[in-house]
Amino acid sequence: MNPILRVQNVSKRFGGVEALKDVSLEVKRGSVTGLIGPNGSGKSTLFNVITGFYKPDFGSVYFEGKRIDGLNPDEIYNMGIARTFQTPRLFGPLTTLENMMLSPKGQRGESLLRAPLRKTWLNEEMQIANEVKSLLKEFDMDGLYKMLASDLSGGHVKMVETSKGILGRAKLILLDEPTAGVHYAVGKNLFEHINYLRKAYNLTFFIIEHRIDLLFDYVDYVYVLHMGRLLSEGTPEEVASDPKVIEAYIGGA
Amino acid sequence: MFDISSFLISWLPLFGIYAILSLCLNMEVGYAGMANFGLVAFYGIGAFVAGYTSITIFLTFHGYNYPIYSQEAIIAMGKVAGKTPWLNISVFILSLILSFLIAGLAGYLVSYPTLRVGPAFLGITILSFGEMLRVFMKHFAPTGGAYGMLGIPHPFAWIPDSAIKNISFLILTLAILILVLIYFELLANSPYGRVLKSIREDEIASLCIGKPVPQIKARLLFVASGISGVAGALYAFYLGAVTPDMFITAVTFEVWSMVILGGRGNNFGALLGASFFSLLNRATSILNFLFSDLPIDPNYVRWMITGALIVIILMYKPKGVIAEKPIKTEAWKIFGAYGESRRKLIAAILKIIDYLRRAFYWLIGRETGYEPDIKGSKRE
Ligand SMILES: Nc1ncnc2c1ncn2[C@@H]1O[C@H](COP(=O)(O)OP(=O)(O)OP(=O)(O)O)[C@@H](O)[C@H]1O
Ligand SMILES: [Mg+2]
């Protein structure tokens, strides 16, 4: 089966820093793929290149066979790639419901011309709200619909962030350190949730994670970045026993 | 010495104009988080477009070809302004439309290059645009340079009774204000309003969920600047004259004060702010007029009060007097919140009735009307 995401010979430098050097990798459709590496190894930069925040200096990115490097972030989202950031970025003063209702793409009521004409979008709006409700119910959060995102607990924020891509009909979801800043048990729960979502919604996940112990229980395949280069790849077992990886982690960057 | 109706006639049109401006600014700043420090530019463009269009059409129609700012033109305008009601009305409508389009286009063009970078760039760019435009207009002969244009034909100049003329204009202004308010309330309480708020909170995150942020901002600036232009046109017709120095940067910050005081992200807050500051404005002018030998110019006091109020508001009510509310698209009904909010409403009404009852008893008998809590005291 052809991969859902293909990164080909991507390089990116910031002044003197070579954040990515000739990185090539593939993410299989339906997989949970991990991306690990010491701090500053270029993981977030790779995500930023994939989602259109940075244009690569060299190389190209393909999503479902279509070339996407050079597109803007909003265009890439509309093609079906959702992402989260290393620090949570929900819209604080908006409610959980409002936060989730922002995710579906191309809503009629979001156009300046149609917005004042309630009739043209109210149906769609209610449909989306229904969908949000049933999604929130799946992880027992429907009671929190009117809580402001800034008042949600860390675990709930992560739940909302990882799930809301589903409302946007994302096919591939990129998570940048989803368990950062939450308790081990919450992190475990989150990975269970991710696993559930993948099966229930036919999703593909590509996950940056520092908690390798957690990650390795749930991923099918892992890539290791080190100083901007792809150092190793394989199943969790293969990577865990690769001396180069151990060296990179113990040697420190 | 002071009668309420003439006060209202002098205050309400200004309130209407300022309220339209503060609603526009609230859309930009309160909802979308765009720091528009150059609102006055679009207001001024609207005023100049209206003045220029209306005088030119009138002079041409009546067969004069004086330059529009010349003494002869002003005298001629005085003669012909009240002769042709249909022309007054149609010129008025045409001027509003042109003001909307030209001010809107200016907003779109000026802001477009800066929308992809942070909000500060937009603010500074428009701020300097406004100042440059004002200085330019002071030296631009075709619109009268620093003296501007006089004799702008009032849309109701053909009504002989000046009170009726003024009241008609007042009603027209308030009607436009109400239309703008309804339009913005509809915009705000829609998925579009939700997107604006997401942009205000985090542009990057909004971009990441597929919202074309630069485009959304540019279009909003078109609409809001255009409506600010309409406010400018109304102002020009209200005063019958425009000069570049009416559009100094302080006007922008006066409208900012209205929005900050009233409550960002809430259209009714913007209205409240506009009514408060336009009242303060009138009050100081009246003081100035009534007591010409005050030790200190009330206009300065006005700015001091404005400054002090903003500090106080930001300290004690950082969200403004009327704080922002979640948008109302009825999506929450799905969660069964409908009944809940109705219960809350009923409880609130009961509470108000209770207060009224207590107030009533207090007034007639100086008693609360409550029985002493016998059960409670017995148990003790
Ligand atoms: N916008 C930028 N400008 C300049 N340098 C940058 C920029 N973004 C990233 N870098 C540099 O690129 C390198 C890779 O950074 P990146 O954030 O991708 O690392 P990371 O693997 O995500 O690290 P961490 O685990 O700490 O999140 C670092 O040296 C970083 O300083
Ligand atoms: Mg990172």
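Biologist: How many residues does the contact take from chain A and from chain B?
Modeller: This is a predicted model, where local features need pLDDT of at least 70, side-chain atom pairs count only at pLDDT 80 or more, and totals for chains, interfaces and linings use all residues. Residues are numbered from 1 along each chain as written, chains are lettered from A in written order, and side-chain values use heavy atoms, leaving out hydrogens and water. Contact means heavy atoms within 4.5 Å. By that rule, chain A gives 39 residues and chain B gives 37 residues.

Biologist: Which residues meet in a salt bridge at 2.7 Å, N to O?
Modeller: A salt bridge needs a side-chain nitrogen of Lys or Arg within 4 Å of a carboxyl oxygen of Asp or Glu. Across the interface of chain A and chain B the rule finds 3. The one at 2.7 Å joins D202(B) and R89(A).

Biologist: And F37(B) with F253(B): is that ring pair stacked, edge-to-face or tilted?
Modeller: Rings of Phe, Tyr and Trp (its six-membered ring) pair if their centres lie within 6.5 Å; planes under 30 degrees apart count as stacked, over 60 as edge-to-face and the rest as tilted. There are 23 aromatic pairs over all chains. F37(B) and F253(B) have ring centres 5.9 Å apart and planes at 35 degrees, so this pair is tilted.

Biologist: Is F253(B) buried, partly exposed or exposed?
Modeller: Buried means under 20% relative accessible area and exposed over 50%, with partly exposed in between (1.4 Å probe, protein chains only). F253(B) has 35%, so the label is partly exposed.
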